[in-house]
Amino acid sequence: MNKRQVVLESISALLIMLFLYASISKFLDFQRFIGEMNNQPLPNSWTPFLVWTVPSLEIAISVALIFERTRMAGFIASLALMTLFTVYAAAILLHFFEYVPCSCGGVIRKLTWPQHLVFNLFFVALSVMGIILQRRSSFKSIIITKNSFV
Amino acid sequence: MKKIKLSIMTLAIALSIGGAFATSPRVTQDCQGATQYHYNGTGYVLAGRIGIDYLCATSPNVCTYYKVGSTYVPCMNGIYCTSNCKTITTTPKTKN
């Protein structure tokens with residue numbers, strides 16, 4: 001296992017931990033999650049859709065990150081979801097919505113909105129790193145396979 | 001090589017599942033699971049359902065309380081608001 005692979009496995013593990021922890025926490029106290037979602041400055045009509053889609057997506061991303069074959073898709077989905085969360089946190093901080101909700105509904109409830117933003121940016125950066133390293137290792141394995149046929 | 005990979009993944013999954021259960025409101029006795037009250041200036045009244053009957057907009061103030069015996073203890077931070085959240089939390093932009 002070379003250095004790049006260890007980094008790649010560690011990035012995957014960190015993202016799996018984030019998404020799996022977040023989704024299980026939501027399902028463990030689903031009523032509270034519905035309340036937190038309703039407290040967000042988004043239309044309440046979105047809540048029934050979001051409360052099922054967000055944790056389900058998080059579980060799907062975690063599963064995709066476990067297996068080598070689906071890892072790239074996992075990294076891309078992780079980047080998309082974390083970018084969405086980051087944009088939302090930034091929009092709240094920029095007073096884009098009618099009001100600033102309490103930051104009690106995030107992954108880590110004690111974090112303030114600026115801390116949420118930094119936290120999300122860190123995982124966006126990890127996802128980008130994961131995509132780059134995964135692409136390089138896939139490219140390398142293709143070259144090795146091609147050379148072995150020559 | 002596969003053993004290391006398997007160990008990292010198993011550890012990540014175990015930590016996240018264990019962490020989620022360990023920090024769940026049932027274990028930590030989190031106040032948000034209890035009935036929420038709001039102090040209206042004269043007394044404590046039932047707050048209702050968050051996001052539907054009221055909102056907690058960001059603020060270091062106390063938004064809701066919960067009852068421990070006969071005492072009301074602060075639970076959620078924020079400004080308690082029903083329909084006037086916008087006027088409470090946003091400050092008018094001024095031109096320089």
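Trainee: In which hand does α2(A) pass α3(A)?

Mentor: In this predicted model, α2(A) crosses α3(A) in a right-handed sense.

Trainee: At what angle do helix α2 and helix α3 of chain A pack?

Mentor: Helix α2, residues 30-39 of chain A, and helix α3, residues 47-66 of chain A, meet at an angle of about 125 degrees, and their axes are 10 Å apart. Angles from 65 to 115 degrees count as roughly perpendicular and those over 145 as roughly antiparallel; α2(A) and α3(A) are therefore oblique to each other.

Trainee: Which residues make the contact?

Mentor: From α2(A) come A:F33, A:I34, A:M37 and A:N38, while α3(A) supplies A:T47, A:L50 and A:V51. Sorted by class, this contact of α2(A) with α3(A) has five nonpolar and two polar residues, and no charged ones.

Trainee: How many residues of chain B are in contact with chain A?

Mentor: Chain B has 33 residues in contact with 28 residues of chain A. On the chain B side, two or more residues come from each of α1 (2-22), β3 (55-68), β4 (71-81) and α3 (85-89). The largest share, eleven residues, belongs to α1(B). By class, that side has 18 nonpolar, twelve polar and three charged residues.

Trainee: Where in chain B does pLDDT stay under 50?

Mentor: Where pLDDT is low, the predicted coordinates should not be read in detail. In chain B this concerns residues 90-96, where pLDDT stays under 50 and the model has two contacts beyond four places in sequence. Chain B averages a pLDDT of 80, and 82% of its residues score at least 70. For the complex, the predictor gives an ipTM of 0.79 and a pTM of 0.79.

Note on methods
Residues are numbered from 1 along each chain as its sequence is written. Chains are lettered from A and ligands numbered from 1 in the order in which they are written. This is a predicted model: local features need pLDDT of at least 70, side-chain atom pairs count only at pLDDT 80 or more; totals for chains, interfaces and linings use all residues. Two residues are in contact if their C-beta atoms, placed from the backbone, lie within 7 Å. Helices (H or I, at least four residues) and strands (E, at least two) are DSSP runs, numbered from the N terminus. Ala, Val, Leu, Ile, Met, Phe, Trp, Tyr, Cys and Pro count as nonpolar, Asp, Glu, Lys and Arg as charged, and the others, Gly among them, as polar. Axes are lines fitted to C-alpha atoms, for helices over the stretch in contact, and angles run from 0 to 180 degrees between N-to-C directions. Angles under 35 degrees count as roughly parallel, over 145 as roughly antiparallel, 65 to 115 as roughly perpendicular and the rest as oblique. A crossing is left-handed if the near helix is turned anticlockwise from the far one by less than a right angle, and right-handed if clockwise. pLDDT is the predictor's confidence in each residue, from 0 to 100.
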